[in-house]
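Reader: Could you take me closely through how the helices pack in this model, and then through the pocket beside them? Please state each cut-off as you go.

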Amino acid sequence: MTYSIGEFSKIVGLSEHTLRFNEKEGLIKVNRDDNNFRIYTDENKLWIESLLHLKNTGMSLKDMKQFAMWGACWG
């Protein structure tokens, strides 16, 4: 399934602003449609859930960025 940023925000419990920040910081990669709107997927949901677990452990933003970079290499 795919979701708009508003739909995805409600599903994962993060504000649209936070989702945009996460993308800007390189924590999540989001596809865009022909109109350049963000398109979130169930895979994005799993990734966000993983990042939230890391945040809850006290992991720093810097370390989360490194983790995200490693995740991009695995994909």
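Helix packing and a pocket

Author: Helices α1 and α2 pack with their axes 9 Å apart and at an angle of about 100 degrees, where axes are lines fitted to C-alpha atoms, for helices over the stretch in contact, and angles run from 0 to 180 degrees between N-to-C directions. The two helices, α1 and α2, are therefore roughly perpendicular to each other (under 35 degrees counts as roughly parallel, over 145 as roughly antiparallel, 65 to 115 as roughly perpendicular, the rest as oblique). This is a predicted model, in which local features need pLDDT of at least 70 and side-chain atom pairs count only at pLDDT 80 or more, while totals for chains, interfaces and linings use all residues. Residues are numbered from 1 along each chain as its sequence is written, and side-chain values use heavy atoms, with hydrogens and water left out.

On the α1 side, I5, G6, F8, S9 and V12 meet E16, L19 and R20 of α2, contact meaning heavy atoms within 4.5 Å. The residues of this contact between α1 and α2 divide into 4 nonpolar, 2 polar and 2 charged (Ala, Val, Leu, Ile, Met, Phe, Trp, Tyr, Cys and Pro count as nonpolar, Asp, Glu, Lys and Arg as charged, the others, Gly among them, as polar).

Turning to α3, the axes of α1 (residues 5-12) and α3 come within 11 Å and cross at roughly 45 degrees, which makes α1 oblique to α3. The crossing of α1 and α3 is right-handed, that is, the near helix is turned clockwise from the far one by less than a right angle. F8, I11 and V12 of α1 make the contact with N44, K45, I48 and L52 of α3, and its residues divide into 5 nonpolar, 1 polar and 1 charged.

The second largest pocket has a volume of about 190 Å³ and is lined by L14, T18, F21, N22, L27, I48, L51, L52, K55, L61 and M64. A pocket is an open set of points on a 1 Å grid over the protein atoms alone, where a 1.4 Å probe fits, with protein on both sides within 12 Å along at least five of seven lines, and lining residues have an atom within 4 Å of a point; the volume is the space filled by probe spheres set on the points. At least two lining residues come from each of α2 (16-24), α3 (42-56) and α4 (61-74), helices being DSSP runs (H or I) of at least four residues. Helix α3 gives the most to this lining, with 4 residues, and the lining as a whole divides into 8 nonpolar, 2 polar and 1 charged.
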